[in-house]
Amino acid sequence: MPDSQQVASNSSSSRSASSTKPALWSSRFVFIMAAVGSAVGLGNIWKFPYITGENGGGAFVLVYLACIAIIGLPLMMSEVMLGRRGRKSPIGTMEALAAAEGRHKNWVGVGMMATLAAFLILSFYSVIAGWTMPYILSAVSGGFNDISADSSGELFGQLLASPGQLLLWHTVFMGLTVLVSAGGVRHGLERAVTKLMPALFILLLILVGYASTTGYFGEALRFLFKPDFSALTAESVLTALGHAFFTLSLASGAMMAYGAYLPQNVSIARTAVVVAVMDTGVALLAGLAIFPIVFAHGLAVSEGPGLIFVTLPVAFGQMPGSGFFATLFFVLLLFAAWTSSISMLESLVSYLNEKGVSRVKAAIGGGFAAWLVGITTLLSLNVWSDFTPLDSFARFEGKTLFDLYDYLTANIMMPLVAFLIAVFVGWKMKPEHSKAELGAWHKLWFPVVRYLTPIALLIVFAFNLR
């Protein structure tokens with residue numbers, strides 16, 4: 001059976017369409033910025049703080065951190081390890097490593113499903129991320145000054161009801177994503193993340209600093225961190241388990257694609273721990289930035305887009321310097337979405353590139369295809385809002401195309417990809433090969449990813465399909 005040198009040889013020989021090795025991140029710091037950028041997205045800004053407050057505060061955080069240890073970190077380490085060992089796109093990596101491990105060629109389907117999931121998510125994520133740009137313009141022009149709750153709701157409703165506006169901002173956002181991707185690893189991805197992520201952290205800290213002056217910072221701290229074990233339920237634990245999986249940008253090929261550019265001398269395990277800590281830290285800081293403002297103005301803590309695009313503009317409109325802080329906040333959202341979307345496109349671009357398509361053409365082609373599919377999402381928010389094609393199935397009754405894309409990727413494709421990755425690295429890959437990548441951490445990682453992680457993922461999968 002092939003040893004580690006043969007694995008590397010297989011990976012190199014199977015790279016027939018590309019005569020050069022993939023470029024590598026220039027440092028561990030750059031990879032961390034890229035991985036955190038992939039993990040930190042719109043969900044970190046609103047979802048994690050909200051579900052923390054609603055599920056026991058500090059008690060939920062403790063459960064969440066345990067879930068990160070059981071499911072998040074082992075999976076991230078697994079994906080980065082596979083990517084670095086294969087040094088190819090997620091599809092190419094799974095194909096090469098399945099052959100190197102003497103396993104069935106159908107394992108390439110894991111890479112295909114991950115890439116397809118990332119593509120579908122990018123198609124509708126771009127539409128949602130595009131909402132941040134007209135809100136930046138409104139903030140700059142003073143459009144939120146003394147805005148009422150009704151007026152804020154109408155503003156958001158008008159945006160969703162306008163296919164033309166949504167198409168414009170969807171196009172601009174996808175163009176920004178393609179622009180970075182076309183530049184390649186060093187001149188595109190690396191330059192973007194090393195500028196956008198520090199800027200994101202600075203913006204977030206400025207907003208937290210302002211929130212601390214509202215007089216409601218202590219209430220926000222209690223909301224997020226005060227342990228209330230009586231609020232913990234079985235569903236709370238499942239929520240923490242599911243969010244630990246989704247928040248780290250797992251099972252979409254992003255970490256595998258980024259792992260392919262990771263230098264060999266960088267510790268996968270230590271780097272994954274830093275990424276997980278930073279991702280969680282950003283989510284908690286976002287809560288400390290948002291909730292003091294919401295509490296100070298007696299506004300409802302609602303979940304989802306309503307908190308960001310309806311409730312917060314009302315709060316910003318009542319603040320001194322409202323235009324400045326509102327602009328900072330929506331620029332922060334744009335940066336978070338942009339760094340995530342870059343990683344979503346990378347799985348497809350890296351695959352096309354290794355098949356002989358130039359990086360620029362791959363980025364433009366992949367981005368254009370996702371843009372086209374995204375049009376069906378934006379139309380499902382207005383003129384196609386009554387088009388629910390799977391009403392004959394009870395589970396999908398009333399779901400628009402946008403709802404179906406979201407359900408398919410989040411509830412079926414990604415949990416399945418994650419489960420199969422855990423099975424592959426825990427049962428199909430030779431332990432000596434994974435040990436060669438993980439070193440001393442292997443002893444701790446291996447039993448967790450072999451037993452606990454697959455069981456946890458099956459629970460997440462069943463929970464999502466309930």
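1. Basis. The model is predicted: local features need pLDDT of at least 70, side-chain atom pairs count only at pLDDT 80 or more, and totals for chains, interfaces and linings use all residues. Residues are numbered from 1 along each chain as its sequence is written, and side-chain values use heavy atoms, with hydrogens and water left out.

2. α4 and α5. Helix α4 covers residues 58-86 and helix α5 covers residues 90-100. Helices are DSSP runs (H or I, at least four residues), numbered from the N terminus. The two axes come within 9 Å and cross at roughly 80 degrees. Axes are lines fitted to C-alpha atoms, for helices over the stretch in contact, and angles run from 0 to 180 degrees between N-to-C directions. α4 and α5 are therefore roughly perpendicular to each other. Angles under 35 degrees count as roughly parallel, over 145 as roughly antiparallel, 65 to 115 as roughly perpendicular and the rest as oblique.

3. Their contact. From α4 come L82, G83, R85 and G86; from α5 come T93, M94 and L97. Contact means heavy atoms within 4.5 Å. These residues divide into 3 nonpolar, 3 polar and 1 charged. Ala, Val, Leu, Ile, Met, Phe, Trp, Tyr, Cys and Pro count as nonpolar, Asp, Glu, Lys and Arg as charged, and the others, Gly among them, as polar.

4. α4 and α20. The axes of α4 and α20 come within 9 Å and cross at roughly 115 degrees. That makes α4 roughly perpendicular to α20. The crossing is left-handed (the near helix is turned anticlockwise from the far one by less than a right angle; clockwise would be right-handed). On the α4 side, the contact includes A69, I70 and P74; on the α20 side, W445, V448 and L452 are among the partners. By class, this contact has 14 nonpolar, 2 polar and no charged residues.

5. α7 and α16. Helix α7 (residues 132-140) and α16 have axes that come within 8 Å and cross at roughly 165 degrees. α7 and α16 are therefore roughly antiparallel to each other. Their crossing is left-handed. T132, M133, Y135, I136, A139 and V140 in α7 meet a set in α16 that includes G323, F330 and L334. The contact has 10 nonpolar, 3 polar and no charged residues.

6. The largest pocket. About 1500 Å³ of space lies in it. On a 1 Å grid over the protein atoms alone, a pocket is an open set with protein on both sides within 12 Å along at least five of seven lines, a cavity is a set of points where a 1.4 Å probe fits but cannot get out, and lining residues have an atom within 4 Å of a point. Grid points are joined across faces, edges and corners, and a volume is the space filled by probe spheres set on the points. Of the 46 lining residues, W46, K47, F246, D406 and A410 lie nearest the pocket's centre. α18 gives the largest share of the lining, 8 residues. By class, the lining has 23 nonpolar, 16 polar and 7 charged residues.

7. The cavity. How many cavities of 30 Å³ or more does a search of the whole structure find? It finds 1. The largest cavity has a volume of about 40 Å³. L207, A289, I290, I293, L312, F316 and F329 line it. α14 (268-296) supplies the largest share, 3 residues. The lining divides into 7 nonpolar, no polar and no charged residues.

Methods: Helices (H or I, at least four residues) and strands (E, at least two) are DSSP runs, numbered from the N terminus.
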